[in-house]
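Please write a short report on the inside of this protein model.

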Amino acid sequence: MRNSVVVGCSNSKRLARSLAKKLDVSYSDLFTDRFPDGEKRIRFNARLENKTVFLVQSLHPCPNGSLVELVFAIETAKELGAFKVFAIVPYFAYARQDFRFNPGEAVSNRIVARMIEQAGADGFITVNTHLHRIKNLREIFSIPSDDVLLSKEIADYAKKKIKGKVLVVGPDWESTPLVKEIAKLLHSDHYVFKKKRLSGTRVKSFETPGLDCRGKSVLLVDDIASTCNTLVSVTKILKKNGAKKVDCVVTHLLEEGGAKKALKNGVSSIVCSNTLENKFSKMDASGAIAQEIGF
Ligand code: R5P
């Protein structure tokens, strides 16, 4: 598309380059460094006048600094004359803080959405964000906003990885839309657990009415894995109920250490997408994002 540029911010340069290729538009790196006192400095290398600018920045690692970088970039792009600025945030940090869980706490997902909007973004796209107490991004954004699921990418991966019939499993009801779409693409059955979280890091999966995984190969999918305790707990239950093997796919893997631990604790394999770049990123999210942008 003429007069557009994809700008890769510090956490998402590889994905941004791949997106630029898919969209067939030019690519530019955002220059970033820090002043000695820790403040961030950013600078665009490309001319932005009258251009549609796609800023790509996952808000992990370092959610706070990454958010500051994004907000600075949006506002600066507008000041430099960009026609439109779209915030492409493959991993949207703070999405899980969507409720005042304890008196006096911030409902951070709304505040972050407002910061992105007030900086001047004309649109927002993310990938498989955590939608729990809010059902739709439109509840926190008033600019056009979209959540892209990687169902096709995950189904394509599963077709190559797992031979024969697959049972697609989700660890909690929030994973239901993704699990259903993947199962449909694979012409497979699906099952969703009911999960109870005891604290930020301790998970108890329970209640498995109608679970029949005896002798089956399971594809366990989730939006986010951090400690991977959820994947390990669910895998244990699946194995106890006779599952042959459990291959895991998550959209966003926050901690490589969690994945390594999962592999030592019953999980047959684990991969994630390149919304976050690490050694488990095997699926490219750029095609699904490009499609959402509409080229
Ligand atoms: C929460 O509801 C999410 O969907 C994930 O299941 C959760 O964030 C995974 O966290 P962990 O890997 O630390 O168990």
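## Spaces inside the model

The largest cavity has a volume of about 30 Å³. The model is a predicted one. It holds 1 cavity of 30 Å³ or more. Rolling a probe the size of a water molecule over the atoms shows where empty space is left.

Which residues line the largest cavity? They are Phe 92, Ala 95, Asn 109, Thr 129, His 130, Leu 131, Ile 134, Leu 137 and Ile 140. By class, this lining has 6 nonpolar and 3 polar residues, and no charged ones.

In soluble globular proteins, nonpolar side chains tend to be buried together. The largest nonpolar core here has 38 residues. Phe 44, Leu 55, Ile 74, Phe 92, Ile 116, Phe 124 and Phe 141 touch the most other members.

Where do the core residues come from? At least two come from each of β1 (4–8), β3 (40–44), β4 (52–56), α2 (63–79), β5 (84–89) and α3 (108–119). Helix α2 gives the most, with 6 residues.

Take Ile 116 as an example. Leaving aside neighbours within four places in sequence, Ile 116 is in contact with Leu 67, Leu 70, Ile 74, Ala 87, Phe 92, Ala 121, Phe 124 and Phe 141.

A second, separate core has 35 residues. Leu 150, Val 166, Met 283 and Ala 288 are included in it.

## Covered strands and a helix

In a regular strand the side chains alternate between the two faces of the sheet. Strand β6 (residues 123–127) has both faces covered. Gly 123, Ile 125 and Val 127 are buried on one side, and Phe 124 and Thr 126 on the other. In total, 5 of the 5 residues of β6 are buried. Strands β5 and β6 run parallel and are joined by 4 bridges. Ala 87 has Phe 124 of β6 as its bridge partner.

Strand β13 (245–253) is mostly covered too, with 8 of its 9 residues buried. It pairs with β12 in the parallel sense, over 8 bridges. Here Val 218 stands opposite Val 246.

Asp 247 is found in β13. Is Asp 247 buried or exposed? Asp 247 counts as buried because its relative accessible area is 1%, and buried means under 20%. Not counting residues up to four places away in sequence, Asp 247 touches Lys 161, Ile 162, Val 218, Leu 219, Leu 220, Ser 268 and Ser 269.

Helix α4 (residues 151–161) has buried residues as well: Ser 151, Glu 153, Ile 154, Ala 155, Tyr 157 and Ala 158. They pack against α5, β12, β13, β14 (269–273), β15 (281–283) and α8 (286–293).

## Loops worth a look

Ala 285 sits in the loop between β15 and α8. It is buried, at 0% relative accessibility. Its C-alpha atom is 6.4 Å from that of Ser 273, which is 12 residues away along the chain. Not counting residues up to four places away in sequence, Ala 285 touches Leu 15, Leu 150, Asn 274 and Thr 275.

Most residues other than glycine have a negative phi, and most peptide bonds are trans. Some spots here go the other way. A cis peptide bond joins His 60 and Pro 61, with omega about 0°. Pro 61 lies in the loop between β4 and α2. Two residues other than glycine with a positive phi are set out below.

Notes
Residues are numbered from 1 along each chain as its sequence is written. This is a predicted model: local features need pLDDT of at least 70, side-chain atom pairs count only at pLDDT 80 or more; totals for chains, interfaces and linings use all residues. Side-chain values use heavy atoms; hydrogens and water are left out. A nonpolar core is a set of buried Ala, Val, Leu, Ile, Met, Phe, Trp, Tyr and Cys residues joined through side-chain atoms within 4.5 Å. Buried means under 20% relative accessible area, exposed over 50%, partly exposed in between (1.4 Å probe, protein chains only). Contact means heavy atoms within 4.5 Å. On a 1 Å grid over the protein atoms alone, a cavity is a set of points where a 1.4 Å probe fits but cannot get out, and a pocket is an open set with protein on both sides within 12 Å along at least five of seven lines; lining residues have an atom within 4 Å of a point. Grid points are joined across faces, edges and corners, and a volume is the space filled by probe spheres set on the points. Ala, Val, Leu, Ile, Met, Phe, Trp, Tyr, Cys and Pro count as nonpolar, Asp, Glu, Lys and Arg as charged, and the others, Gly among them, as polar. Two strands pair if DSSP finds at least two bridges between them.
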